[in-house]
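Colleague: I have not looked at this one before. Can you walk me through it?

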Amino acid sequence: MPFSKPVPALRAVRTATPADGVGTSPGSSASSGPAASGPASSGPASTGRENLPGILFGVGAYGLWGLLPLYFMVLQPAGAVEIVANRVVWSLVFCAILLTVMRAWKPMLAAGRNPRTVGTLAGAAVLIAVNWLTYSWAVLNEHAVEAALGYFINPLVSVLLGVLVLKEKLRPLQWAAMAVGFIAVLVLALAYGTVPWVALALAFSFGFYGLVKKGIGSRVDAVSSLTIETAVLTPIAAGVMIWLSMTGAATLTSNGAGHFWLLVASGVITAVPLIFFGAAARRLPLSTVGLLQYLAPTLQFILALTVFKEAMPPERWAGFGLVWLALVMLTIDMIGGPRRGRKLRAAAAAAV
C-alpha cells in the first residue's frame with residue numbers, strides 16, 4: 001500500500017504507516033517501534049491534547065491510503081510492475097521539488113552521507129518495493145479483499161515480530177489476541193483453499209519494513225527518508241521503465257495525456273498522505289493515531305465488496321471476524337496502557 005510513515009512508539013503502542021498506506025500495530029508491550037516521520041514522543045503528540053486539525057490530517061492520510069485501489073484501477077492498462085516503477089521515479093521527483101520548496105536539502109544530504117543510515121534505508125526500500133508490488137498486483141487481479149486482510153493482520157504480525165526478533169514480553173490479552181489471529185489465518189486458509197499468501201506477504205513485508213526503520217528512529221524526517229528510499233530504488237525502476245518501453249509494453253506515453261499525468265501523479269499520491277500523517281502524529285496522542293489506522297483497510301475492504309464485487313463466502317466472513325476480534329483485543333489492551341502507566345508511576349512514587 002502507501003509509503004512508510006512510521007512514528008515513534010509509545011509504551012503499549014507501535015505505530016507505522018503502511019506501505020501503501022497503512023499499518024500500525026498497537027499492542028506491543030515494549031516501548032520500541034518503527035520511527036521515520038520524526039515527531040518524538042516528548043512532542044505535542046504525547047500531551048494527550050487532541051485537536052481538530054490533527055484528526056483531519058489523520059483521516060486524510062488513512063482515507064487516501066484506503067482509497068488507493070481506485071487510483072490503481074484507473075491506471076489500467078498499466079500493470080503492477082509499471083505502476084510501481086513509475087511510483088518510485090515520480091516520488092523521487094516530487095520529493096526533490098518538495099525539499100527545494102521547504103529548503104530542507106541539508107538534513108537529507110546529512111542523512112545520505114551516513115553509510116549506516118543509507119544501508120538501513122536501502123533495506124527498507126527493498127521491503128517497501130515488495131509491499132508495493134504485491135499490493136498493486138492484488139488490486140489489479142481481483143485480490144483486493146485479501147490485500148485489505150493483509151493490512152488488518154499487520155498489527156498482529158508486528159506484535160509477533162516484536163516477540164521473535166526484539167524479545168518483547170506480551171501481556172495475557174496480547175497473547176490471547178495472537179492466538180485468535182493464528183486461528184483466523186487457519187480459517188482463512190480453508191476459506192481460500194490455500195494459505196492467503198497475498199495477505200501474509202503484505203503484512204510481513206510491512207512488518208519487517210517497520211522493524212528495519214526502527215534502526216533509524218527519529219533521526220531522519222519523513223521526506224528525507226522517502227527521498228533516500230526512492231533514490232535507492234530509482235535506478236532499477238528507471239531500468240524497468242526503459243525495458244517496458246523498448247518491448248512495447250509501457251503505457252506511460254502510449255495511452256494519451258490523461259493516462260500520462262495520472263502515472264506522473266503517483267509521486268504526489270505517495271507523498272501527500274505521508275505528509276498528512278506526519279502532521280497528524282505531531283498533533284495527536286499515538287493511541288489515537290493507532291486507532292485511525294484501521295480506517296485504511298476498512299475502506300479497502302468496502303471497496304473490494306462494493307466496487308470490485310469480490311466474493312465473500314461465509315467461511316471468509318468467519319476468518320475476517322476472528323481477525324477483527326483479535327484487533328479489538330489488541331485495541332482494548334492498547335487503550336488500557338495509559339492507565340497501567342499511571343498505576344505504575346503511582347506505585348513507584350508511593351515506594352519512594
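Colleague: Let's start at one residue. Where is M334 found?

Modeller: M334 is found in helix 14. Keep in mind throughout that this is a predicted model.

Colleague: Is M334 buried or exposed?

Modeller: M334 has a relative accessible area of 1%, so it is buried, the cut-off being under 20%.

Colleague: And how far is M334 from Q174 in space?

Modeller: Their C-alpha atoms are 9.3 Å apart, while in sequence M334 and Q174 are separated by 160 residues.

Colleague: On to charges. How many salt bridges does the structure hold?

Modeller: There are 2 salt bridges. In one of them, the side chains of R171 and D333 meet, with 2.5 Å from N to O. That pair links distant parts of the chain, 162 residues apart: R171 sits in the loop between helix 6 and helix 7 (172–192), and D333 belongs to helix 14 (residues 314–335).

Colleague: Are R171 and D333 buried or exposed?

Modeller: Both R171 and D333 are buried.

Colleague: Why would such side chains pair at all?

Modeller: Side chains of opposite charge can pair when their charged atoms come close.

Colleague: Which residue does K213 form a salt bridge with?

Modeller: K213 pairs with E229, and their closest N and O atoms are 2.9 Å apart. This pair also connects two helices, with K213 in helix 8 (residues 197–213) and E229 in helix 9 (residues 222–246), 16 residues apart. K213 has 0% relative accessibility, so it counts as buried. E229 counts as buried too, because its relative accessibility is 0%.

Colleague: Now the nonpolar parts. Which residues touch the most other members in the largest nonpolar core?

Modeller: Those are F72, Y135, F320 and V323, in a core of 64 residues. Helix 6 (residues 144–164) gives the largest share of this core, with 13 residues. Another core of 16 residues lies apart from it, and its members include C95, L99, M108 and L274.

Colleague: What about the outside? Which residues make a nonpolar surface patch?

Modeller: V93, I97, V101 and M102 make one of about 380 Å². V93 is in helix 3 (residues 80–102). At 37% relative accessibility, V93 counts as partly exposed, because that value falls between the 20% and 50% cut-offs.

Colleague: What span should helix 3 have for its number of residues?

Modeller: Helix 3 has 23 residues, which should span 33 Å at 1.5 Å a residue. The C-alpha atoms at its ends are 32 Å apart, so the two values agree.

Colleague: What follows helix 3?

Modeller: R103 does, and its phi is positive, near 55 degrees.

Colleague: Which other residues have a positive phi without being glycine?

Modeller: E142 is one of them, with phi near 60 degrees. E142 is in the loop between helix 5 (115–140) and helix 6, and at 67% relative accessibility it counts as exposed. K309 is another, with a positive phi of about 55 degrees. K309 lies in the loop between helix 13 and helix 14 and counts as exposed at 63% relative accessibility.

Colleague: Back to the backbone. Which residues does a cis peptide bond join?

Modeller: Q76 and P77, with omega at about 15 degrees. P77 is placed in the loop between helix 2 (68–74) and helix 3.

Colleague: You mentioned helix 13. Which of its residues are buried?

Modeller: A296, P297, Q300, F301, L303 and A304 are buried in helix 13. They are on the same side of the helix, because they cover an arc of only 160 degrees around the axis. Helix 13 (residues 295–306) has 12 residues and reaches 16 Å from its first C-alpha to its last, close to the 16 Å expected at 1.5 Å a residue.

Colleague: One last residue. Where does Y294 lie?

Modeller: Y294 is in the loop between helix 12 (286–292) and helix 13. With 14% relative accessibility, Y294 counts as buried. The C-alpha atoms of Y294 and Y151 are separated by 8.4 Å, though the two residues are 143 apart along the chain.

Notes
Residues are numbered from 1 along each chain as its sequence is written. This is a predicted model: local features need pLDDT of at least 70, side-chain atom pairs count only at pLDDT 80 or more; totals for chains, interfaces and linings use all residues. Side-chain values use heavy atoms; hydrogens and water are left out. Patches are made of residues with over 30% relative accessible area and no salt bridge: like charges are joined within 9 Å, nonpolar side chains (Val, Leu, Ile, Met, Phe, Trp, Tyr) within 5 Å. Accessible areas come from the Shrake-Rupley method with a 1.4 Å probe; for residues, only the protein chains shown count as cover. A salt bridge is a side-chain nitrogen of Lys or Arg within 4 Å of a carboxyl oxygen of Asp or Glu. Helices (H or I, at least four residues) and strands (E, at least two) are DSSP runs, numbered from the N terminus. Buried means under 20% relative accessible area, exposed over 50%, partly exposed in between (1.4 Å probe, protein chains only). A nonpolar core is a set of buried Ala, Val, Leu, Ile, Met, Phe, Trp, Tyr and Cys residues joined through side-chain atoms within 4.5 Å. The expected span of a helix is 1.5 Å times one less than its number of residues. The arc is that of the directions from the helix axis to the C-beta atoms.
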